[in-house]
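Subject: Structure handover

Hello,

Here is the structure we talked about.

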Amino acid sequence: MSYRKWTIVVSLVGALSIGALTSGWQRLIFRSLHGDSLGTNSLPKSESLGQGLSLAILGGYRSIAANLIWLDMNGSWEKQNINETLAKIELATATDPRALFFWLNGARVVANDMPAWVIANQGLDQEKHPNTVKALNLKFSEKALELIENGLVAHPGNFELMVDRAVIHWKKREDLEEAAKSFLEIATMPNSPYFAGRLYAELLVELGRTDDALSYLKSIYSSLPDDDIQAMKPFVAERIRQLEIKLEEQKVLVIP
Amino acid sequence: MDIAIEVKNLRKDFVLARQSQRLRAVDDLSFQVNTGSVFGLLGPNGSGKSTTIKAILGMLNPDKGECLIEGISSKKRESRARIGYLPEGPYYYKFMEGLEFVSLVGQLGGLTKLESVSRGEELMDLVGLQDACDRRISGYSKGMLQRLGLAQALVNDPSILILDEPTAGVDPVGAVDIANIIGGLKNRGKTILLCSHLLSQVETVCDEVAVLNKGNLVASGKIDELLVAGNEYMEIPECSLEATQRIEAILSEEGQSLVKRRDRKSLEQLFIELTQEEE
Amino acid sequence: MNEKLNLSFWNMRHAWLIGKTSYLETVRMKLFYALLALSLFSLGCSFLLQEFNFGSDELKFIMDFGFGGMTFFGSILAIVTASQLFYGEIEDRTVFTILAKPIRRSEFVVGKFIGAWFCIVSFVLCLTLCLMLSLFVRESILMSQYPEVFSEGRLLNYLDVLGFGFMQCVRLGMLGSIVILFSSYATSSLFSIIIGVVTWILGQLQHLAVNAWGQYDSLFLNTILFIVSIALPNFHLYDFGDKIALGESASISVYLQLVGYGALYCALYLSLAVLSFREREL
Ligand SMILES: Nc1ncnc2c1ncn2[C@@H]1O[C@H](COP(=O)(O)OP(=O)(O)O)[C@@H](O)[C@H]1O
Ligand SMILES: [Mg+2]
């Protein structure tokens, strides 16, 4: 073997053995810097590759690149070009996944604006074509939810994204079960906004599970702070009273 | 007599990039350079002169044979401790100033900064670059670069000088200057190995030469021995026309005649005379 | 005798002289100033483009520009200077004069690394100081506009900005030493530059490969991912700018570990470069 080939082999062996020796160490450093959230990157998705690439090539400039893409997206949005808008939203979020703004507003554009564009373009009427409109809403909701799920990978446990997810289930997909589940998930997380719990209860009422709603409100009532206006403790108390009355009336109705 | 440089059965092959063919640049070359002498390695372009020199300096690994400097193998770094080298080319750090560069080489050879600067100034003077000390090397002409190369080769006061084409690209006046400097160094007892394809320039300074062709040694020895005389001519001194006619008559009896020739200055000589009058 | 002494030991002075000269070369290079000017220009733009900063706060926006210059232009600088200093010297044939002196090839390699690294440090230091100044000015303006947000004093930890800058020097130093290693094998500077860019990108993606290998069915893909995840250093470790933008700081221990990790890799690559350069014909 020539000296040159020999050194190539030695180099490979050297790089591999140092890499093997330090692989535990680098994970340790990573964890102490970023915690577990980013270190245990989920599955090998094409998105995480895209994010890694943009970080590798652009470094800190990727947020600027993402902003430029987003500006460009506004042009497609004005033209109501669905494919272009969607592609640019995905590109912007992939380029700089750290910006919550892109995920949140992207999902809203997809869920709200896009079906509206189609309805307007095709001259559809909610009254005359309820099924078509519903199908459209369902279709774009799927896309928006996908975006939010990816956003949650970059921003684990972000309330704003989770609330948008619940709202899409509720208003767009009209799937109250899923919406209720989503709000409950938010409500059970520490430091989450108080309205999530109240909305969960209201959705249970809508679903006809008044007794579940009542027991849920009762269970959280005591933990609500008195001095925080956001908690709306008096409102909850009033709602508990109303639901109790409603349940009584139902019982009365059932007995005869 | 001591041997300064010894090349023994040197062979060097280059692998050519495209074909898996090999090019034998130097083939079984042996010669010795005695301490204190000027040795010329001559040959046309591509005959293997620079390759030989790089092998002597340990920059190439011989495929066969070896090179020794004062008895130390070229493979060892120590062999280069007392050598000054003027590379073929010449290529130096363009971003540096002349004196700055000579001083750097001096420091790499073990001088202190102060020593290297004062030594550098002396040498820039010697090679006629005193006015260009603090000019960037990127602005040097080819002739100036050769002079700079000579200065950096001399900065560590080496006992052995290896000069690869010291006069390439230099005008005839400059070449004479350089030849004079080399002559001066020889008088100070330095050993000099120089190579060139311009034979006339080398002739005046070399004690011994080796002639290479396509990597093979074709001739070597003392320069006087090598320059074997051609036809022998007799000269007729200035004399009367009558005398000349009588000589011609005698010659014609034997069926011969006088060969007339006029001495011709070489263009080089003329150039030197003309430009030196100007100064 | 002094001369003898210098010959028998590894001579730091040789490496230092070569390093100093190489550094001189880089800072007399137009590229250095061009990249510095571009980075500073982009930092200046961050002041002008404030209306573009969707959803991210202004200081982070400025920081993105500063860190962007360090990583984007810094990596270009590191790759090009390391290749120019090392392979360029062979290509330009200036190496003959230097290596005809009784110096070790290892002294040459280390010297070249010193030169390249000092160039990187100068570049990153200039950028870091300008970034800190920009952040300070902007934060002061914001403090006078929104005193309630800054009731507890400044949000940013400027020492960490400096620390981040230094970590970029470590990371770019690793990159430079890899390019020197490739240059020691290379037969053209373009080759070492291209391989340098590829390594830089793969090294940033290394953490993805670590997570991904073993998750595919293809043996070939898994092998490639395994090699990438083991053979390359994790450059992504040094991307903690976001954390600092949030006003969080990294602990001394993390800084020391990052330096240690980088130094280990630099030592590895330079040793391998010496190994291959030692027998290289010029
Ligand atoms: N690095 C190299 N790779 C391939 N061939 C080379 C190399 N160096 C020199 N040669 C070849 O070796 C031969 C001798 O070259 P050289 O020693 O430079 O000649 P000279 O100095 O006598 O003009 C030439 O044919 C040249 O092309
Ligand atoms: Mg030659």
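How much area do chain C and chain A bury between them? The value is about 4400 Å², and 69% of it is on carbon and sulfur atoms. Please keep in mind that this is a predicted model. If you wonder why an area is quoted here, the size of an interface is often given as the accessible area lost when the parts come together.

**Chains C and A**

Two pairs of chains touch, and the most contacts are between chains A and C. On the chain C side 54 residues take part, and they are in contact with 46 residues of chain A. The interface of chain C and chain A has one salt bridge. To find this salt bridge, look at the side chains of Asp64(C) and Arg98(A), which meet with an N to O distance of 3.6 Å.

Which elements of chain C give two or more residues to the side that touches chain A? They are helix H3 (30-48), helix H4 (58-91), helix H7 (158-185), helix H8 (189-212), helix H9 (219-231), helix H10 (241-245) and helix H11 (252-278). The largest share comes from H11(C), with 12 residues. By class, this side of chain C has 30 nonpolar, 17 polar and seven charged residues.

**Chains C and B**

The contact between chain C and chain B takes 29 residues from chain C and 32 residues from chain B. Together the two chains bury about 3000 Å², with 55% of it on carbon and sulfur atoms. In chain C, the residues that lose the most area to chain B are Arg28(C), Thr97(C) and Lys101(C), which together make up 21% of what that side buries.

How many salt bridges cross the interface of chain C and chain B? The rule finds two. One salt bridge joins Glu281(C) and Lys12(B), whose closest N and O atoms are 2.6 Å apart. There are also 12 residue pairs in polar contact between chain C and chain B, again with both residues at pLDDT 80 or more.

On chain C, helix H1 (2-8), helix H2 (12-27), helix H5 (95-99) and helix H6 (105-145) each supply at least two residues of the side that touches chain B. H2(C) gives the most, with seven residues. The side of chain C that touches chain B divides into 11 nonpolar, four polar and 14 charged residues.

**Chains A and B**

Chain A and chain B do not touch. Their nearest C-alpha atoms are 12 Å apart.

**Inside chain A**

Chain A is divided into domain 1 (11-98), domain 2 (100-168) and domain 3 (175-256). The notes here concern domains 2 and 3 of chain A, whose centres, taken over C-alpha atoms, are separated by 26 Å. Seven residues of domain 2 are in contact with 11 residues of domain 3. The two domains bury about 710 Å² between them, 81% of it on carbon and sulfur atoms.

Which residues of domain 2 lose the most area to domain 3? They are Phe159(A), Met162(A) and Ala166(A), and together they account for 67% of what the domain 2 side buries.

One salt bridge is found across the interface of domain 2 and domain 3. In chain A the side chains of Glu185(A) and Arg165(A) meet in a salt bridge, at 3.2 Å from N to O. The interface of domain 2 and domain 3 also has one residue pair in polar contact, both at pLDDT 80 or more. The side of domain 2 that touches domain 3 has five nonpolar, one polar and one charged residues.

**Ligand 1**

The last item is ligand 1. The residues around ligand 1 are Phe14(B), Leu23(B), Ala25(B), Pro44(B), Asn45(B), Gly46(B), Ser47(B), Gly48(B), Lys49(B), Ser50(B) and Thr51(B).

- Ser47(B): a polar backbone atom is 3.1 Å from an oxygen atom of ligand 1.
- Lys49(B): a polar backbone atom is 2.9 Å from an oxygen atom of ligand 1.
- Thr51(B): a polar side-chain atom lies 2.5 Å from an oxygen atom of ligand 1.

Regards

Key
Residues are numbered from 1 along each chain as its sequence is written. Chains are lettered from A and ligands numbered from 1 in the order in which they are written. This is a predicted model: local features need pLDDT of at least 70, side-chain atom pairs count only at pLDDT 80 or more; totals for chains, interfaces and linings use all residues. Side-chain values use heavy atoms; hydrogens and water are left out. Contact means heavy atoms within 4.5 Å. Buried area is the accessible area (1.4 Å probe) that two parts lose on being put together, summed over both. A salt bridge is a side-chain nitrogen of Lys or Arg within 4 Å of a carboxyl oxygen of Asp or Glu. Helices (H or I, at least four residues) and strands (E, at least two) are DSSP runs, numbered from the N terminus. Ala, Val, Leu, Ile, Met, Phe, Trp, Tyr, Cys and Pro count as nonpolar, Asp, Glu, Lys and Arg as charged, and the others, Gly among them, as polar. Domain bounds come from an automatic or database domain assignment. A polar contact is a pair of N or O atoms within 3.5 Å; within protein, one must be able to donate a hydrogen and the other to accept it, and residues adjacent in sequence count only if both atoms are side-chain atoms. A residue is near a molecule or strand if one of its heavy atoms lies within 4 Å of it.
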